[in-house]
Amino acid sequence: MTHRRLRQSAADAAAAAAREGGGAPHSIIRHLLLLTLLLSSILPSARGAIQATESSSNGGKTAATSSSSSSSPGSGNRSPKGVIELTAMNFDSSVRDGNVWLVEFYAPWCGHCKRFAPTYEEVARKLHSLHKKPGYDVYDDGFKDVNVAKVDGSSDRALSSRFGVKGFPSFYLVDGWYVYEYDGRRNLDDMVSFARGGYEDQEPVPFLNSPFGPMGQLRAAMMYVGTRTISAYEGMVERGYSKPVAAAVVASAGIVIGLFSIIFIGIMTVSKPKED
């Protein structure tokens, strides 16, 4: 359902841009929107399929962890929940629940992240305790519910690249298609205030460079393909293939996939002749 809504939104925007005129700027916008549509439709499904396979091979441990950690603190739970763990596999489906999401990108080896962890747990429990009870409208008090999450940016490099993370910890607030970077003081009051509407006083990340825009999706795609290519090469070497053979197989697969991608994108973005 989430992917269908994303595809429909991008398709509607592309159609609107096409109706406004056939000039170069409109053509570029239409192509960018189509590229965003393509990447946002393919990447989550591909990541989910591969990571689901890896979870099964590990005895289902990863799947169980993702299932328990991705369950957002629903309004039916009266007790406040702690920080929610997100990965590339459940990120998009989680942040599309209609709520606001405050997300930390951290690294297990980061000293600043370790020292801030207890405070971030307090932020999570405070914001989750403010969730509305069943039957209340989202905007009854003027605020949306805020979910607090974290992503291991050192291991989930595709998601970090998508957000343009340059250091740890980094904090972003996601409100629908809009993304805001938090660069204020790392304390309970300031972060709660920011998440409870303070972010609206600053400009969001421009759509072109947004994690949900074409550049963000492209960065994620490049990082994802790169890491998977290295993993495939190392896996073949471990299975006994010689390094030249493994490199040749991986390179051949990359060429074939690249050609198909170019053809598909070309078909999707080809300009239709105007009808007089």
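Predicted model: local features only at pLDDT ≥ 70, side-chain atom pairs only at ≥ 80, totals over all residues.
Student: Where is the pLDDT below 50?

Tutor: One such stretch is residues 13-24, which has ten contacts in the model beyond near neighbours in sequence. Another is residues 42-79, with 50 contacts counted in that way. For the protein chain, the mean pLDDT is 74, and 63% of the residues reach 70 or more.

Student: Okay, on to the sheet. In what order do the strands come?

Tutor: Follow the pairing from strand to strand. Here five strands form an open sheet in the order S1-S3-S2-S4-S5, and the pairing is mixed. S1 and S5 are the edge strands, each pairing on one side only. From one strand to the next, the twist averages 30°.

Student: Which strands run parallel and which antiparallel?

Tutor: S3 pairs with S1 (residues 84-86) in the parallel sense over three bridges, and Leu86 has Val151 of S3 as its bridge partner. S3 also pairs with S2 (residues 100-106), again parallel, over seven bridges. In that pair, Leu102 stands opposite Val148. S2 and S4, on the other hand, run antiparallel and are joined by six bridges. There, the bridge partner of Val103 is Tyr172 in S4.

Student: What packs on the sheet?

Tutor: Look for helices touching the strands. H5 packs on the sheet and touches S1, S2, S3 and S4; the direction of H5 makes about 155° with that of S3. H7 packs on the sheet too, touching S2, S3, S4 and S5, and the direction of H7 makes about 165° with that of S5.

Student: Which residues touch the most other members of the largest nonpolar core?

Tutor: The general idea first: in soluble globular proteins, nonpolar side chains tend to be buried together. The largest nonpolar core here has 19 residues, and those touching the most other members are Leu102, Tyr120, Val123, Leu127, Leu173 and Met191. The elements giving two or more residues to this core are S2, H5 (111-129), S3, S4 (170-175), S5 (178-182) and H7 (188-195). H5 gives the most, with five residues. Apart from this core lies another, of 16 residues, among them Ile84, Leu86, Tyr172 and Val179.

Student: What does Leu173 touch?

Tutor: Leaving out residues up to four places away in sequence, the contacts of Leu173 include Val100, Trp101 and Leu102. Tyr178, Val179 and Tyr180 are on the list as well, along with Phe194, Ala195 and Tyr199.

Student: Why do Cys110 and Cys113 count as buried?

Tutor: A residue is called buried when its relative accessible area is under 20%. Cys110 has a relative accessible area of 5%, so Cys110 is buried. Cys113 is buried because its relative accessibility is 5%.

Student: And how many disulfides are there?

Tutor: To call one, you need a pair of cysteine sulfur atoms within 2.5 Å. By this rule the model has zero disulfides.

Methods: Residues numbered from 1 in each chain as written. Heavy atoms only, no water. Pairing = 2+ DSSP bridges. Helix = DSSP H or I, 4+ residues; strand = E, 2+ residues; numbered from the N terminus. Core = buried A, V, L, I, M, F, W, Y, C linked by side-chain atoms within 4.5 Å. Buried < 20%, exposed > 50% of the residue type's maximum accessible area, 1.4 Å probe, protein only. Contact = heavy atoms within 4.5 Å. Axes fitted to C-alpha atoms, helices over the stretch in contact; angles between N-to-C directions. pLDDT = per-residue confidence, 0-100.
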